[in-house]
Amino acid sequence: MAFRPMRVTLPMLRATPPTVTVERASARLVRVSLTDRCDMACVYCRPAERGAYLPADERLSVEAWESVLRGLRAEGVRRVRITGGEPLLHRDVVEVVRRAAALGLDDLALTTNASRLAALAAPLRAAGLRRVTVSIDSLDPARFAAITRGGELATVLAGVDAALAAGFDEVKTNSVVLRGINDDELPAIVGWAWARGVTPRFIEIMGVGEGGSIWRERLVTRAEMVARLGALLAPGEGDRDADRGPAKYLDAADGSGRRVGFITGSSDTYCAGCDRLRVTSEGMVRPCLATNDGVALTEEGKAGAPGAVAATLREAWALKPDASWKGCTEATARAVSMIATGG
Ligand code: SAM
């Protein structure tokens, strides 16, 4: 595929994070990487080779997840997103959702490649999952297979249909935009999504994991994405949804109320005000997607001992970089495994 060089100004790279949170009191959102296994191998995410996954006996059990989520909720976490790896490959994903939903969170969402969503959408909805985001980088089957190294577009589209039929509060898509690979598809993806009542979101490739070796040549900035969508969108900078992560949304120009989201992990990082933590499938609490820093949950925490999760949470929160940190453009990001940390 043709490669056209990019022209953007990037922040200086820095080796070590400044520490200590200055603006935020505690975590409000936790992203849970239920498993590091994935049945796709997107070119910007992980190496082509599969395997070298965490041994099954080192992963948190359903009971441990329940204890950990209960402890996090007691510490003020109100929103949980389940991710991975591919969370729908986890044998007990529906049960984890059921137990998380019973905790009375403000939001419970899941990000998936949808390879198993056709079968699982209805059970997940019945278990209490509120919102689903499907990753879909191309509507062309051959391109889709190339980007995901083997993914089947038809299966994913069937998963989106099943999610819509299941009646989730919201169905969104994530598309990582890659220069010279899928950057000509933005209007088509928006048209396809809007026709179904789905909110499309476009993500700048970040220098995390495999992205570390290709992001500079493949990055398409938000400004360029907006230009490519031209008259479809109303002008403006866009707004974040309160309490809902870093995406900024622009409205449709036709006043229909439809929207397009943009996630700018590379051209405009958003560490100031970040209120999220991540928990990996073996029970490591991580303060930032751009470093391998983290604090392991104790056996007491996994077993539900009062206060044990809170102590780990506070330790991990203290490692959170400050507002001057430039997130996924920092040199440390490259060493992070996206499937382990949970995207
Ligand atoms: N397997 C699930 C999926 O495909 O959505 C969940 C995990 S995946 C790591 C979560 C999200 O991270 C996906 O939308 C994926 O496109 C995005 N992602 C992975 N690597 C990325 C990178 N280097 N830059 C930007 N987004 C990335």
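1. The buried residues of helix α8 pack against β5, α6 (186-195), β6, β8 (248-251) and β9 (259-263). Those residues are R222, M225 and L229, in a helix that spans residues 222-229. Seen down the axis of α8, they fall within an arc of 60°, so they line one face of the helix. The arc is taken from the directions that run from the helix axis to the C-beta atoms. An α-helix has 3.6 residues a turn, so residues three or four places apart point the same way.

2. The model is predicted: local features need pLDDT of at least 70, side-chain atom pairs count only at pLDDT 80 or more, and totals for chains, interfaces and linings use all residues. Residues are numbered from 1 along each chain as its sequence is written, and side-chain values use heavy atoms, with hydrogens and water left out.

3. Some terms used here need their cut-offs. Buried means under 20% relative accessible area, exposed means over 50%, and partly exposed is in between (1.4 Å probe, protein chains only). Contact means heavy atoms within 4.5 Å. Helices (H or I, at least four residues) and strands (E, at least two) are DSSP runs, numbered from the N terminus.

4. The other face of α8 can be read too. Turned away from the buried side, it carries the exposed residues A223 and A227. G230 follows α8, and its phi is positive, near 45°.

5. Helix α7 covers residues 211-218, and its buried residues are G211, G212, W215 and R218. These cover an arc of only 135° around the axis, which puts them on the same side of α7. β5 is included in what covers them.

6. Polar contacts come next (pairs of N or O atoms within 3.5 Å). A backbone N or O atom of Y44 lies 2.9 Å from a nitrogen atom of the ligand. For G85, a backbone N or O atom lies 2.8 Å from a ligand nitrogen atom. In the side chain of S135, an N or O atom is 2.5 Å from an oxygen atom of the ligand. Taken alone the ligand exposes 550 Å², and the protein buries 95% of that (Shrake-Rupley method, 1.4 Å probe).

7. Check two backbone angles. A114 has phi near 70°, a positive value in a residue other than glycine. A114 sits in the loop between β3 (107-112) and α3 (117-127), and is buried, with a relative accessible area of 0%. R149 also has a positive phi, near 55°, and is not glycine. R149 lies in the loop between α4 (141-148) and α5 (153-166). At 28% relative accessibility, R149 counts as partly exposed.

8. R50 is found in the loop between β1 (29-33) and α1 (62-74). R50 is partly exposed, with a relative accessible area of 40%. Leaving aside neighbours within four places in sequence, R50 is in contact with C38, D39, M40, A41, T148 and R149. R50 and M40 are ten residues apart in sequence and 8.8 Å apart in space, C-alpha to C-alpha.

Note on methods: Polar contact = N/O pair within 3.5 Å; in protein donor to acceptor, adjacent residues only side chain to side chain.
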